[in-house]
Amino acid sequence: MSHYSIRCRKCGKTLDNSYCAFCEHCKDSLLVTEYHDRRLVETGGNGIWRFNWLPVHQPASVQPGPLVYQSRGLARHLGLDQLFIAFNGYWPEKGALLETCTFKEFEAAVVLNNAKENGVSGLIVASAGNTARAFAHLSTVTGFPVVIVVPRMCLGEMWYLESSSLVPTLAVGDGDYSDSIDVAKRVALVTGFPFEGGVKNIAKRDGLGIVMLEAVSKIGKLPDHYVQAVGSGTGAIGGWEMSERFIRDGRFGTHLPKFHLGQNLPFAPMLHAWEKGSRSLFPADLNPELIGHITTRVLSTRYPAYSVQGGVFDLLTSAGGGMYGVENEAVYSGMDDFLKTEGVDLVPASGVAVAVLKDAVRKNAIRKSDTVLLNITGGGEARLRQDKQTHAVMPQFISKNATDKEIEELLCHVLKKSS
Ligand SMILES: [Zn+2]
């Protein structure tokens, strides 16, 4: 028997466990996992699989978790007494062992194992960078087939571990991340493999929520504040849903953490909508030209999970906190502060998170004695290159206007190459 069921956030209907299901009544509502055990139990398993609040029964891969530790350097620099860092990346001296250098590795591990247990035989994944690398790595580790679709404009910042070099990857030559999502959905129809489902996939949100699981397990209580950079918002929603489970558990606090979420200016559709109290995003804020001006392309989706029931608007309404806009200069200085005070390199998205924390402290939204969890969603890439071979992603190119026939021919080619 399954240890969880899936419930619609809007109408409360419970669905049987099935891969990436949707509520038949409410198309605009996220489903959430309801674990039958309201208490967090840590079993004898290794890494992330020791937690009972994950939608996987028999994991087929070993998966290290986040490194959560209490900061001294950055904490002193910002004047905080209780700053905890969840470092998701490669920093073996400290015990951080994610070779893909991103928290998307948890998402990939939970999504692939969950899909496999639901009888799915392969997945199509769209990504602006980190997710591609994480899924390519997990596909290699587990032998579960994936086809990855990325935008050409992100290739400059993308890399794979050497072991993942044969994972089939398509690059959309004439579009952005959102066009890649559209192409991925069409590739899914042609191959018969489902699209991984984006924010609607409960396994994806629960996988990213592992950061909150590990942090609360380590700190012993829910933090007062949670700080993260957001693109789609999926990771923050996963953290919120885990926090709600901890409150139902009853042993870790009675208040949700306040969520302080950052976007890289000038592309900040959620920031602008939130500032005006709007559940809908404004079309002018989704102009693709804005994406060319930000340093963090991984945060560039034009389809964020903001308006949907159970999305970022509801998260901030329920938990409190707010959205922050971060200029490129502040991103670099956030990365620099972390390197100097904590001793390891960050990816730009994590620089956004550090900048948000600095801003929240400056505005007194976070006070000296508050317990803070800073989610460093990616880092240690420079550290990794001292130990491991990585290489540029070498995809097959595809147009966003490709016909089904062209998609089919290209897939034949990449699948043959990878086998
Ligand atoms: Zn419903």
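Cys101 is buried, with a relative accessible area of 1%, where buried means under 20% relative accessible area, exposed over 50% and partly exposed in between (1.4 Å probe, protein chains only). Cys101 lies in the loop between strand E6 (96-97) and helix H2 (104-117); helices (H or I, at least four residues) and strands (E, at least two) are DSSP runs numbered from the N terminus. Although Cys101 is not a glycine, its phi is positive, about 65 degrees. The model is predicted, so that local features need pLDDT of at least 70 and side-chain atom pairs count only at pLDDT 80 or more, while totals for chains, interfaces and linings use all residues. Residues are numbered from 1 along each chain as its sequence is written, and side-chain values use heavy atoms, with hydrogens and water left out.

A positive phi is also found in Asn364, a residue other than glycine, with a value near 70 degrees. Asn364 lies in the loop between helix H11 (348-362) and strand E14 (371-379). Asn364 is partly exposed, with a relative accessible area of 44%. A further backbone feature is the cis peptide bond from Leu265 to Pro266, with omega near 10 degrees. Pro266 is placed in the loop between E12 and H8.

Strand pairing is described next. Strands of a sheet pair through backbone hydrogen bonds, either parallel or antiparallel. Two strands are taken to pair if DSSP finds at least two bridges between them. An open sheet of 4 strands has the order E7-E8-E10-E16, with parallel pairing. Strand E7 (123-126) and E16 stand at the edges with a single partner strand each, so one side of each has no neighbour in the sheet. On average, neighbouring strands of this sheet are turned by 25 degrees against each other, direction ignored; for such angles, axes are lines fitted to C-alpha atoms, for helices over the stretch in contact, and angles run from 0 to 180 degrees between N-to-C directions.

E7 and E8 are joined in the parallel sense by 4 bridges, and Leu123 stands opposite Val146 in E8. H13 packs on this sheet, where it touches E8, E10 and E16, and its direction makes about 170 degrees with that of E16. Contact here means heavy atoms within 4.5 Å. Strand E8 (residues 146-151) runs parallel to E10, with 4 bridges between them; the bridge partner of Ile148 in E10 is Thr169. E10 also pairs with strand E16 (residues 396-398) in the parallel sense, over 3 bridges, and there Leu170 has Gln396 as its bridge partner. In strand E10 (residues 169-172), Thr169 and Ala171 point one way and Leu170 and Val172 the other way, and all are buried.

Another open sheet consists of 3 strands in the order E2-E1-E3, and its pairing is antiparallel. Strand E2 (14-15) and strand E3 (31-35) are at its edges, each with a single partner strand, so one side of each is left without a neighbour in the sheet. Strand E1 (residues 4-8) is joined to E3 by 5 bridges, with Ser5 opposite Glu34 in E3.

Helix H4 (residues 177-191) and helix H13 (residues 404-418) have axes that come within 10 Å and cross at roughly 75 degrees. H4 is therefore roughly perpendicular to H13, given that angles under 35 degrees count as roughly parallel, over 145 as roughly antiparallel, 65 to 115 as roughly perpendicular and the rest as oblique. Arg186, Val187, Val190 and Thr191 of H4 make the contact with Asp404, Ile407, Glu408 and Leu411 of H13. These residues divide into 4 nonpolar, 1 polar and 3 charged; Ala, Val, Leu, Ile, Met, Phe, Trp, Tyr, Cys and Pro count as nonpolar, Asp, Glu, Lys and Arg as charged, and the others, Gly among them, as polar.

A nonpolar core is a set of buried Ala, Val, Leu, Ile, Met, Phe, Trp, Tyr and Cys residues joined through side-chain atoms within 4.5 Å. The largest has 86 residues, of which Leu123, Ile148 and Phe259 touch the most other members. Beyond its neighbours within four places in sequence, Phe259 has contacts that include Met212, Trp240 and Leu316.

Helix H9 (residues 312-319) is mostly covered, with 6 of its 8 residues buried. Its cover includes H7, strand E12 (258-264), helix H8 (269-275) and strand E13 (321-326).
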